[in-house]
Amino acid sequence: RDRYQRRVHGIGKNEVKVTACELLSSYCDSVLKTEKETAEELEEKLEQVVTLFSFLSDKDLFQEFYRKQLSRRLLSSKGHDNELLLISKLKMRMGAPYTSKLEGMIVDKGLSAQNQKDFVEHCKQRHVELKFDFSAQVLTTGFWPAFKVDSVNLPALLAEHVQFFQAFYIQKTQSRVLKWVHSLGSGQILARFKKGPKEMLLTTYQICVLLLFNQSVSLTPSKMADELNLPLEEIVRTVHSLSLNKFHVLKKESDLKAPIGTQPFVVNAEFSHPQRKFRVPIAVKVQGDPVQKTDETRRHVIDACLVRIMKSRRTLSHNELQADCVRQLTSLFKPEFKDIKKRIEDLIVRNYLERDENDRSVYRYVA
């Protein structure tokens, strides 16, 4: 969408298109992750953010970028007081409907903490012994960005605890269905090497891959993919994180070149790290384009606006309907005339509107 894009030049001839909405959202992400600032400094920066926000013409696009980054912050941290501070400022500027999903995410975070306490108490009452500390965060689908639901075959130890929580949650809320998003999970495992034990902070996929080596000395990515029921691409990305750079937890069994997926890997018994406890990083896999998601949402917003106008006015000319639609949506985004025209045509096809027989530029609402 060229109208709200600016170009940020990278190395050589590569160009990365970044919207002003994304830049402002990324700045918010940086500010809210920082814990060294005083309350006064944070307040001042958030006021500046809201001032800049007021000049954005595509506030719905900012909302989508912000929601995606907020989800990452909430899932990786415990506190959310600063998040509420900015959301309250946006709510004062735009109204409750604009921040309803953001507030819903915060509520989910609080409910998940209560669910965890109830789950621990549930296990104690039924004398269920958890082999390790297990917690699950329950997210409401309508509030959070779309996450890919997977059907990974968890190792027996993990699967047992997932079943414990599932049984607890179904008993507590019988009308809801849990769909697990293991790609967002994380955990800590203790691994023993010749040079001493190490505590590693890993993603759920990394943990699943490493636990496979408790039963097998050597495994190929293809075999891992079959065992875990995950795409080979996902397994290769995970294995690379555990075998490249300075985290050689796994290593190739031989130096012979082989196609991707058929190269066998083994545990690197000689692995060492200066720290006893550390995180093994993995490249973040970007899912979903906020710009594309926003464009899809806008179609529904324009449809609803057009129907609402026509339902109250009954008959309008094309120019009047177009002008009313722009006026009502300008506070959120400025719809282009060509987009409005496409939505009008679609509503005519779906029998929400019809053209006047005597004047084709006049529309009538179909009750």
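User: Why does R73 count as buried?

Analyst: Its relative accessibility is 5%, and buried means under 20%, with exposed over 50% and partly exposed in between (1.4 Å probe, protein chains only), so R73 counts as buried. Mind that this is a predicted model, where local features need pLDDT of at least 70, side-chain atom pairs count only at pLDDT 80 or more, and totals for chains, interfaces and linings use all residues. Side-chain values use heavy atoms, leaving out hydrogens and water, and residues are numbered from 1 along each chain as its sequence is written.

User: What makes the R73 and D29 side chains a polar contact?

Analyst: They come to 2.7 Å, and the cut-off is a pair of N or O atoms within 3.5 Å; within protein, one must be able to donate a hydrogen and the other to accept it, and residues adjacent in sequence count only if both atoms are side-chain atoms. R73 sits in helix α3 (residues 59-76); helices are DSSP runs of H or I, at least four residues, and strands are runs of E, at least two, numbered from the N terminus.

User: How do you know that the length of helix α5 agrees with its 30 residues?

Analyst: The expected span is 1.5 Å times one less than the number of residues. For α5 (residues 96-125) that should be 44 Å, and the end C-alpha atoms are 41 Å apart, which agrees.

User: Where is the kink in α5 centred?

Analyst: On L102, at about 30 degrees; the bend is the angle between axes fitted to the seven residues ending there and the seven starting there. Just after α5, H127 has a positive phi of about 55 degrees.
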